[in-house]
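Here's a friendly walk through the model you're about to see. We'll start with the whole chain and then zoom in on one spot.

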Amino acid sequence: MVSEVKTVSGRAIPLVGNDIDTDRIIPARYLKAITFDGLGEGAFIDDRKALNGQHPFDQPQYQGANILIVNRNFGCGSSREHAPQAIAKWGIQALIGESFAEIFFGNCVAMGIPCLTADAATIKQLQELVAANPQAAVTVNLETLQVQIADYTAPVVIGEGTRSTFIAGTWDACGQLVANADQVRATAAKLPYISWGQLAAS
Amino acid sequence: MSKGTLFDKVWDLHTVGTLPSGLTQLFIGLHLIHEVTSPQAFAMLRERGLKVLFPERTVATVDHIVPTENQARPFADTLAEEMIQALEQNCKENNITFYNIGSGSQGIVHVIAPELGLTQPGLTIACGDSHTSSHGAFGAIAFGIGTSQVRDVLASQTLALSKLKVRKIEVNGTLNPGVFAKDVILHIIRTLGVKGGVGYAYEYAGTTFDQMNMEERMTVCNMAIEGGARCGYVNPDQVTYDYLKGRDFAPKDADWDKAVAWWESIKSDVDAVYDDVVVFDAADIPPTVTWGITPGQGIGINQFVPKPEELLEEDRFIAEEAYRYMDLLPGQPIKGTKIDVCFIGSCTNGRISDLREAAKIAKGRKVAEGIKAFVVPGSERVKQEAEAEGLDKIFQEAGFEWREPGCSMCLAMNPDKLQGRQISASSSNRNFKGRQGSSSGRTLLMSPAMVATAAIKGEVSDVRELL
């Protein structure tokens, strides 16, 4: 289940706007399912309908792009992983933005999708470069912490701990967490409420 | 770096160790699950051949997809039926306590855990729902998580997390009449912004919170996430202990005294160090209403929809989008805005004290003609308590519909939805575009008493005129 994420290469798609929330990324009606399959078609569906084909996710020049460039506080709102899952199912493998909502960021990491940040001016530049040349080759490099669009290179940022999990292929924490079950039980045993709180009704 | 706060103490006590990534492996004392974000997590467990490590510290209920009119099984909505069946099956297979419809204790997950006494000071709590921050009202550190993390907690009872900074938000003084906990949190978010809390835990302190009851504190903590904070909490005190004592899962007898002593020990020290401190005066907080498409776009009831030039440059883009979507003009008063639908309920404001405040306004009055107004209790227990007090009658006589418990129109995963461009006065937590079930529907957030006032007047109105 573990795979290294050192670089993501392909083409990018600019999505301009601050505070784009999880309900816009995937409206609640798409949550009524017991799997994440089929979420891709619902990605930004209401915004896309409102823009009548002019939303970047519908514009022909961005079809097949795999790197999403966003602005400030992207993914705010719900903790639902349906939001990054919808973006991932649409084909996105990395995000670059001014900032990300915390749970959204954590969900992306847990799914193996790096979210990197850059300052507002750099993001604007990246979005403009992609809009001017949607076919430009784009590479996000987690080892050098750089994004390259054609011959333009800019620095990007991600927390060192998170970066190392992608590079080492240990972003999927589940295996590590499960491996420490003995220490988990030892920690639990020291907590007073474990002995006085019996939660199970059965 | 913070030191000596409740957050620091609870974090340290629950730390299992440091992972190779540098993240902390944190033990989760209580895991709450529901039907929307858990089925995929159970599927991931099955794929990996893993078991639930601490089923005895996991509790389930069903809330998001529950119909509030006809709850007969199978549900009319086959997708909703499929979701509740998946939860029933997963709980049964994994020996997880499940408060199903009709159990007497079903309801919105953030309403039932406190009322059952599951939520206690000093616990770490996780749930696949961002409003898990509600449980911080008890001095718990409570995180909303995604589905991969629900899997992690099921499999290991832990999460991989990086430590947060702690911001103390102090509000002092007595709230003016007609001003409620909801107004306090809308005011805080409006001031600090929807991303102001990113990277922080919010500690709510000061005499205003000291005076609040537990349900009011839950309302404030519930919306910590809307300000970008990962969690929010209030230090436990006598109000907390009085609320908890005697509840189903609260410590009993000798354990109770031990518990109180421990709870006292985990409170933030008087000389605790914070990463940041922000101070508000309760007297400055008016009844507050949102006009836009984020919970941070709020104004006092007597204020005007802000003009772009009054806003920070970085807030203008989303403001322009909000004017268009909400069909409100900059500079126009919010008071007098005509309303189509009034919704009282949700994990923010679906508790008994919320219904009591709304009923005070509704009593002896009539919902304005053409308004659809409905009340959705947060849990089966809230419903029962409200009916014992006759609140259902007060609402029904005024022309409100009285429903069965669930999340309802807060996110409209059940049949309760706005239609087309309808505009609602809502006691819920989010005014995002399309949030209440229509891709063009509009939401104005406010306190339950203000929603009741809007229902009576047919337009956004000042609750103080009906007190």
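Accessible areas here come from the Shrake-Rupley method with a 1.4 Å probe, and for residues only the protein chains shown count as cover. On that basis chain B exposes about 15,000 Å², with carbon and sulfur atoms supplying 49% of it. Keep in mind that this is a predicted model, where local features need pLDDT of at least 70, side-chain atom pairs count only at pLDDT 80 or more, and totals for chains, interfaces and linings use all residues. Residues are numbered from 1 along each chain as its sequence is written, chains are lettered from A and ligands numbered from 1 in the order in which they are written, and side-chain values use heavy atoms, leaving out hydrogens and water.

Now for the overall build. The C-alpha trace of chain B spans about 55 × 55 × 45 Å along its principal axes. Of its 467 residues, 68% count as buried, meaning under 20% relative accessible area (1.4 Å probe, protein chains only). Take contacts, which are heavy atoms within 4.5 Å: among those in chain B with a separation of 6 or more, 76% come from residues 24 or more positions apart.

Let's zoom in. B:S346 sits in helix α12, residues 346-349 of chain B; helices are DSSP runs (H or I, at least four residues), numbered from the N terminus. B:S346 is buried, with a relative accessible area of 1%. Leaving aside residues up to four places away in sequence, B:S346 touches B:I108, B:V376, B:C410, B:S427 and B:S428.

Definitions and conventions: Buried means under 20% relative accessible area, exposed over 50%, partly exposed in between (1.4 Å probe, protein chains only). Helices (H or I, at least four residues) and strands (E, at least two) are DSSP runs, numbered from the N terminus.
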